[in-house]
Amino acid sequence: MTPAKQIGWGGVALGFLAFFIAVPPITVRTPIPIALVGLLAMTAGLLAYRGGEKRLGSGGIVAGVLGISGGYAATQSGESNLEEVVVWGALLASTLRYATPLTLGALGGLFSERSGVINIALEGMMLMGAFFGAWGADVTGSWFLGIVIAIASGAIFAALHALFAITFRADQIVSGTALNLLAVGITGYLYVQIYGDEGTPDDLPQVPNVELPIQSVPFFGDVFGSLNLLVWVALAMVLVTWVVVFRTAWGLRLRSAGENPLAAETAGLSVVRTRYLAVMCSGGLAALGGAFLSIGFVHTFSQNMTAGRGFIALAALIFGRWRPGAALAATLLFGFGSALAQRLPVFSPSGAVLFQALPYVLTLIAVTGLIGRSIPPLALGRPLSKS
Amino acid sequence: MSDVDDELPPDATVAARLATYVRAGGVVTPLITLLVAFLFGGLVVLITGHDPIATYKAIFNGTGLNWFFPWISSEDRTIAALNLQQTLIVTTPLILTGLAVAFAFRCGLFNIGGQGQYIVGGVFAVWVGSSFEGLPSLLHILLAVVAGMLGGAFWAGIAGVLKAVAGTNEVISTIMLNWIAIWTGNYLFNLGGPLQNSNPAQKDVPVSNDVLESAKLPVFWGDPQLQGLHIGLFIAVAALLVFWVLLNRTTLGYEVRAVGFNPDAAQASGISVARNYVVVMAVCGAFAGLAGTLDVLGWQFRIATNDIQTSQLGFFGIAVALLGRNTAVGTFFSALLFGGLITGTSVRNLDPTVFEPALATNLTYMIQGLVVLLVSTDVLVIWLWRLRRKRRSSAVLEAA
């Protein structure tokens, strides 16, 4: 890391700190220290900018501005309101919950895109998982089988994406969009056909929460004490994905198919088969994220319930530069946006609806690129030319 | 492998691919695409235990396109006229949201943000249309139309600027802008929102003020009280003309097409790719914003939060543009097709004893998805291309 880079990151961190000291538990009530920290962040950003780290530098400046304005807003609002909104334990637990479908979706996208296939159909795969998870759980009476059926449905749907993207060599963005539209139609049709006006039954089997015996531990008990099983699965999958993609022979093949398919083919590897497998893994993971929504989180299915989360997951993947750990960090950031949006109505009931836009705004800012232009896998979106 | 492949570099843009398909397949491939999509849709209907032929027939009658048949009775014709007016009312915004996608495609951009731009256009139109009491009608309509188009252009322009300045992928940014528009629109007209109606009797209804009489578009076919056909259809058709002229007879259009085929080559020959991205997105947004405007001024007259959540016309623009091969004429016909499909499957027009409208609406989504999916692949085209080649060469041989 160059010094300019370090200073830039310091600026971003200071920007967040400016906001952090204004809210509980520190709750600085006067704007002066907040302004000081914020200005420091902007100075660091400026230094980094002049040192050549333009994007990171401007990121520091933006973080400083946001920190000062957010912190100032916090000092101006009532202390009791602040304490109601900023309960870090509950907020972080909620962040994890909101981040889970995004994490699984982003990991799914990682498999596909690392192998060279753009997966804009994550949204549709998630929606398939959400419906078939609910339907499977309802029909079999078991949440576990519901999840299995959801993953299978996602993988099969993803195979369709693979068929068009790899075998038919279609334009991957257009065919992905088509699958998203198709998923809305298929799940909507089946939902109306099977459940009609009444919706999914109330006694839909649900994925259980994991109750840890740390409930009495302050903070950690609030955050990790009672999380859904799938939240833990998602966190574990981050590690599994990292190991599989970056530490196994299959992962190496997968990445070589995404970086230089011709060389991979020359070395005797079937790029087509590798990509098919990767895209199907992608569908399974995204569908698991969707199933979390329907049988782990809200306990019902409604039409088009993924509401753009597949795209946010894709944005997180790009923001995280196609790496599992960084993608997790990105999904946590977006999850935090959702969790915060859920609690902000305390300040303004009529503004409650507006706060729902927060995660999308955050995503937009993030993909615009705070930290450098993301460099995708070299052969992303290029079908293997037939010889 | 085939001649089509030789023409296309592996990293061909969407615009270049589609242009090649048009040369290769002409009007036949979209028709085959449609046929396959409808067959597949019928298969789904059959598998889930309904009669596909009766279903499609009921949907067709719901579109009112049977109005053109000379043999139907006069009562049927009266009903068909009402239905056809509805179909054309839906066709109007579809033409425009289709153009919003098509124009971007011609520049190598994929605008999935038609929905958001449509909403923003509608919001501006309803705001202007319900304020400024006492303006002369023509001026009021013009003012609302300009406001709606500017609103849409601004919203899409954000994505264009981000693409030009920071290289942000327009697919992600336009989708995020869709959701931001949806929630912002919900906020504006919600209880206590800044644009909620000022009528004390409707204090608990999350809906905007009504558009004033002076800003409503005149109805030229049917009863204005029964949602007759407004003159927005002509505006949409005029927009098709503008699209064609802009693309084929202006410097901007030349640059747009050049960037669409090969941005690097365009840049090298002195065209500002960044500027084109911004301008093109703004024009696309103006088209989609006009769609929202015409809906508001033509027949909705107000926007409820529910309209914002359920509206899908912006998304349909993708299928309209792709099926129409991003051309003006193609866009018109595919807008008419999807307009008919949406109307024919609506609660108002589809006979529920034959097929449930809620199912049929999703059937429409499925057909829409299939159309886009089939358009995305060139296999069909390559196959047709070869067939034509073979036939032509055998014809030449016979002649010799």
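This section describes helix packing, backbone geometry and cysteine placement in a predicted model.

In chain A, helix H7 (residues 143–167) and helix H13 (residues 271–297) have axes that come within 6 Å and cross at roughly 140°. H7(A) is therefore oblique to H13(A), since angles over 145 degrees are needed for a pair to count as roughly antiparallel. The crossing of H7(A) past H13(A) is right-handed. Sorted by class, the contact of H7(A) with H13(A) has 18 nonpolar, five polar and one charged residues.

In chain B, helix H5 (residues 74–106) contains 33 residues, which at 1.5 Å a residue should span 48 Å. The end C-alpha atoms of H5(B) are 45 Å apart, in agreement with that expectation. Of the 33 residues of H5(B), 25 are buried, so this helix is largely enclosed by the rest of the structure. Just after H5(B), B:Gly108 takes a positive phi of about 80°. The axis of H5(B) comes within 7 Å of that of helix H15 (residues 328–344) of chain B, and the two cross at roughly 130°. H5(B) and H15(B) are therefore oblique to each other. H5(B) passes H15(B) in a right-handed crossing.

Helix H6 (residues 114–130) of chain B was treated in the same way. With 17 residues at 1.5 Å a residue, H6(B) should span 24 Å, and its end C-alpha atoms are 24 Å apart, which agrees. H6(B) is mostly covered, with 14 of its 17 residues buried. H6(B) is followed by B:Phe132, whose phi is positive, near 55°.

Most residues other than glycine have a negative phi.

Another loop of chain B, between H13 and helix H14 (313–323), holds B:Gln312. B:Gln312 is partly exposed, with a relative accessible area of 22%. The C-alpha atoms of B:Gln312 and B:Thr29 are 26 Å apart in space, while the two residues are 283 residues apart in sequence.

A disulfide is a covalent bond between the sulfur atoms of two cysteines. Over all chains, the structure holds zero disulfides. B:Cys107 is in no disulfide. The nearest cysteine sulfur to B:Cys107 is that of B:Cys284, 8.4 Å away, whereas a disulfide requires two cysteine sulfur atoms within 2.5 Å. B:Cys107 is buried, its relative accessible area being 1%. In chain A, A:Cys281 counts as partly exposed, at 30% relative accessibility.

Technical notes:
Residues numbered from 1 in each chain as written. Chains lettered and ligands numbered in written order. Predicted model: local features only at pLDDT ≥ 70, side-chain atom pairs only at ≥ 80, totals over all residues. Heavy atoms only, no water. Axes fitted to C-alpha atoms, helices over the stretch in contact; angles between N-to-C directions. Helix = DSSP H or I, 4+ residues; strand = E, 2+ residues; numbered from the N terminus. Parallel < 35°, antiparallel > 145°, perpendicular 65-115°, else oblique. Left-handed = near helix turned anticlockwise from the far one by under 90°. Nonpolar A, V, L, I, M, F, W, Y, C, P; charged D, E, K, R; others polar. Buried < 20%, exposed > 50% of the residue type's maximum accessible area, 1.4 Å probe, protein only. Expected span 1.5 Å × (residues − 1).
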